[in-house]
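Please look over the sequence and the structure below before reading on.

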Amino acid sequence: MSVQKTLKSMLTPICSEVWANVRGGGTNKSLDLSADYIVYVLTDNRPELWGDDAPLEESFTVRVNYFTKNGTKVPKKRKQIRAALESAGYIWQTSIEMYENDTGYTHLIVEAETRETYDNTLEG
């Protein structure tokens, strides 16, 4: 599973600007400072179950950050982000909303976790 690829593809229908780890420079480095955007980060990845010297199950925790200058969009976007995560097998854990005085953005954070199970059986 490519967590990064999966997140980008499921979040793009919610917001056209989706970035991994940090917001990029925009098209041709022209950044629309009033645009809504999403930055997602893989915050934790750990083996949960081991067998035959290899992980049998692994957990991934992600943080989805949605930024908007229009705070009235946040409730709808929160529902859309949670639904997208759930449909991809994630369980959302927390949602936090805050206003950033220095940027004028309302910042929504949704954290979620998923697990992947591997078949490490040896054929002989």
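A salt bridge here is a side-chain nitrogen of Lys or Arg within 4 Å of a carboxyl oxygen of Asp or Glu. With that definition in hand, a search of the whole structure, which is a predicted model, finds five salt bridges.

**Overall build**

- The protein is made of two helices and five strands, and reading along the sequence gives the pattern α-β-β-β-α-β-β.
- Of the 124 residues of the protein, 37% count as buried, while the protein exposes about 7500 Å², of which carbon and sulfur atoms supply 51%.
- When contacts between residues at least 6 apart in sequence are considered, 54% of them join residues at least 24 apart.

- E57 and R115 meet through their side chains in a salt bridge, with a distance of 3.0 Å from N to O.
- This pair links distant parts of the chain, since E57 belongs to strand β3 (residues 54-68) and R115 to strand β5 (residues 106-117), 58 residues apart.
- R115 has a relative accessibility of 43% and therefore counts as partly exposed, because that class lies between the limits of 20% and 50%.
- A salt bridge also joins E111 with R63, where the closest N and O atoms are 2.6 Å apart.
- Here too the pair links distant parts of the chain, with E111 in strand β5 and R63 in strand β3, 48 residues apart.
- E111, at 18% relative accessibility, counts as buried because buried means under 20%, whereas R63, at 30%, counts as partly exposed.

**A salt bridge between a helix and a strand**

- E97 forms a salt bridge with R78, and the closest N and O atoms of this pair are 2.7 Å apart.
- Because E97 lies in strand β4 (residues 91-99) and R78 in helix α2 (residues 74-87), the pair ties together parts that are 19 residues apart in sequence.
- The relative accessibility of E97 is 43%, so E97 counts as partly exposed.

Key:
Residues are numbered from 1 along each chain as its sequence is written. This is a predicted model: local features need pLDDT of at least 70, side-chain atom pairs count only at pLDDT 80 or more; totals for chains, interfaces and linings use all residues. Side-chain values use heavy atoms; hydrogens and water are left out. Helices (H or I, at least four residues) and strands (E, at least two) are DSSP runs, numbered from the N terminus. Buried means under 20% relative accessible area, exposed over 50%, partly exposed in between (1.4 Å probe, protein chains only). Contact means heavy atoms within 4.5 Å. Accessible areas come from the Shrake-Rupley method with a 1.4 Å probe; for residues, only the protein chains shown count as cover.
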